[in-house]
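User: Got a model here I'd like to go through. Can you take my questions one at a time?

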Amino acid sequence: MVRLLSVCIFALALVAQQAGAEPRALKIVADEWPPFSGADLPNQGMSLDVISTVLRRAGYIVETQVMPWARIIASAKTDTVDIVGSLFADTEQATYLNYANPFHTTRIQLVRRLGSDITFRDVPSLQPYSFAVGDGFLYEPEFDRADYLQKQTVTTTLQAMQMVAFGRVDLTLDSVDVVNFAMQKALLHKLGSERTSPFPGRTYPTGSVTGMPRAV
């Protein structure tokens, strides 16, 4: 899982294509996905902080907001937001979002209870186990398509990890950065979770709605 941040290139592309225009307010949004974005994080998290800082330095007025993922998607489709942070590139989303080059790399990790006898090689080998997954979250394409897996939907990664820690499901997964943050925040390491992963990395770009200039 890789969420990359080449916001500088994105901002420069906007400036180049709108040279001479009066600065206008850009609405930048992201969902609750700490430490990348969150209403209670300093500067609302790394993603919104980096994006807004770059655009302000480029002369733009920006407005940032953390909102539920479903609302972000609806807003992007109706052009009521300008830029979306904290997201993965996705084929369906590309029909209404233009992606900038990524600016941060992270990796998807599975989370299981310490001492469990769970073993796996690849996604098909995960079939015997139950998962807690975020509602509408994108993980890895093969895993996301695997409707034969036992998946229970939750709202946040923290909820998913608590379900694993208390033995309600076998596994969950998310960015290693998000997993580490949740473990430290909720002291889940004391309950005994260990992390491993069969997944490669992914990129983490910034998206603008299709009405905005495309980054190069």
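User: Is Asn 43 buried or exposed?

Analyst: Asn 43 counts as exposed, because its relative accessibility is 56% and the cut-off for exposed is over 50%. Bear in mind that this is a predicted model.

User: Where is Asn 43 found?

Analyst: In the loop between β1 and α2.

User: Switching to helices. At what angle do α5 and α6 cross?

Analyst: At roughly 70°, with the axes of α5 (residues 157–165) and α6 (residues 176–186) coming within 10 Å. That angle makes α5 roughly perpendicular to α6. The crossing of α5 past α6 is right-handed.

User: Which residues make the contact?

Analyst: From α5, Thr 157, Leu 158 and Met 161; from α6, Val 178, Val 179, Ala 182, Met 183 and Ala 186.

User: How many of those are nonpolar, polar or charged?

Analyst: Seven are nonpolar, one is polar and none is charged.

User: Back to Thr 157: buried or exposed?

Analyst: Thr 157 is buried, because its relative accessible area is 8% and the cut-off for buried is under 20%.

User: What does Thr 157 touch?

Analyst: Leaving aside residues up to four places away in sequence, Thr 157 touches Phe 137, Asp 174 and Val 178. Val 178 is also one of the α6 residues in the helix contact.

User: Now the largest nonpolar core. How many residues does it have?

Analyst: The largest nonpolar core has 16 residues. Those with the most contacts inside it are Leu 126, Phe 131, Tyr 139, Phe 143, Leu 149 and Leu 173.

User: Which elements give two or more residues to it?

Analyst: β5 (104–113), β6 (130–134) and β8 (171–175).

User: What other core lies apart from it?

Analyst: Another core, of twelve residues, including Val 29, Ile 73, Ala 76 and Leu 87.

Key:
Residues are numbered from 1 along each chain as its sequence is written. This is a predicted model: local features need pLDDT of at least 70, side-chain atom pairs count only at pLDDT 80 or more; totals for chains, interfaces and linings use all residues. Side-chain values use heavy atoms; hydrogens and water are left out. A nonpolar core is a set of buried Ala, Val, Leu, Ile, Met, Phe, Trp, Tyr and Cys residues joined through side-chain atoms within 4.5 Å. Buried means under 20% relative accessible area, exposed over 50%, partly exposed in between (1.4 Å probe, protein chains only). Helices (H or I, at least four residues) and strands (E, at least two) are DSSP runs, numbered from the N terminus. Axes are lines fitted to C-alpha atoms, for helices over the stretch in contact, and angles run from 0 to 180 degrees between N-to-C directions. Angles under 35 degrees count as roughly parallel, over 145 as roughly antiparallel, 65 to 115 as roughly perpendicular and the rest as oblique. A crossing is left-handed if the near helix is turned anticlockwise from the far one by less than a right angle, and right-handed if clockwise. Contact means heavy atoms within 4.5 Å. Ala, Val, Leu, Ile, Met, Phe, Trp, Tyr, Cys and Pro count as nonpolar, Asp, Glu, Lys and Arg as charged, and the others, Gly among them, as polar.
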